[in-house]
Amino acid sequence: MSVTFINLFEVPPEADADFLARWQAVNAYMIRQPGYLAHALHRSLGDDARYRFVNVVRWSNAEEFEAAHDDGFHALVTPDYPYRFVPALFEVIDTSAAVSGGESTSARV
């Protein structure tokens, strides 16, 4: 079963360019790892949001996600990484969606 990794980042507006350069380096490494499926990086529309960047990544499974956080990853995200982040791994438990005509569909795990 696939899993979703969501990581929230605290980044001051003046640090966008630096953050994005660092994020792109980590992302370039991670997309080459077994089990990586897709990602979407989101940026808040307001500069006052606590978490201005949110990264959402789909992985084939939790084991491959964990394995991807190896020495190569830790060389990029060192203890002195300048941005606070809040990572968590999730499983999908509901995919309810509205469809045209007002009817809804639901797939619950």
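Leaving aside its neighbours within four places in sequence, Leu 37 is in contact with Ser 2, Arg 58, Trp 59 and Ser 60, where contact means heavy atoms within 4.5 Å. Leu 37 lies in strand 2, and helices (H or I, at least four residues) and strands (E, at least two) are here DSSP runs, numbered from the N terminus. With a relative accessible area of 40%, Leu 37 is partly exposed; on this scale buried means under 20% relative accessible area, exposed over 50%, and partly exposed in between, with a 1.4 Å probe and protein chains only. The C-alpha atoms of Leu 37 and Val 57 are separated by 7.5 Å, although these two residues are 20 residues apart along the chain.

This is a predicted model, in which local features need pLDDT of at least 70 and side-chain atom pairs count only at pLDDT 80 or more, while totals for chains, interfaces and linings use all residues. Residues are numbered from 1 along each chain as its sequence is written, and side-chain values use heavy atoms, with hydrogens and water left out.

The protein holds three helices and six strands, which run from the N terminus on as β-α-β-β-α-α-β-β-β. Of its 109 residues, 26% are buried. Among contacts between residues at least 6 apart in sequence, 65% join residues at least 24 apart.

Gly 35 and Glu 63 lie 8.7 Å apart in space, C-alpha to C-alpha, and 28 residues apart in sequence.

Thr 4 is in strand 1 and is buried, with a relative accessible area of 17%; leaving aside its neighbours within four places in sequence, Thr 4 is in contact with Val 56, Val 57, Arg 58, Ala 88, Leu 89, Phe 90 and Val 92. Leu 89, whose place is in strand 4, is partly exposed at a relative accessible area of 32%, and its contacts, again setting aside neighbours within four places in sequence, are Val 3, Thr 4, Phe 5, Ala 62 and Phe 65. Between the C-alpha atoms of Leu 89 and Val 57, 32 residues apart along the chain, the separation is 9.4 Å.

Arg 50 belongs to the loop between strand 2 and strand 3 and counts as exposed, at 53% relative accessibility.

Helix 1 has 15 residues and reaches 20 Å from its first C-alpha to its last, close to the 21 Å expected at 1.5 Å a residue, the expected span being 1.5 Å times one less than the number of residues. Within helix 1, Asp 16, Phe 19, Trp 23, Val 26, Asn 27, Tyr 29 and Met 30 are buried. Seen down the axis of helix 1, its buried residues fall within an arc of 155 degrees, so they line one face of the helix; the arc is that of the directions from the helix axis to the C-beta atoms. An α-helix has 3.6 residues a turn, so residues three or four places apart point the same way. What covers the buried residues of helix 1 includes strand 1, strand 2, strand 3, helix 2 (62–68) and helix 3.

The largest pocket has a volume of about 320 Å³. On a 1 Å grid over the protein atoms alone, a pocket is an open set of points with protein on both sides within 12 Å along at least five of seven lines, whereas a cavity is a set of points where a 1.4 Å probe fits but cannot get out; lining residues have an atom within 4 Å of a point. Grid points are joined across faces, edges and corners, and a volume is the space filled by probe spheres set on the points. Of the 20 residues that line the largest pocket, Phe 5, Asn 7, Phe 9, Val 26 and Phe 73 are the closest to its centre. Helix 1 gives the most to this lining, with four residues.
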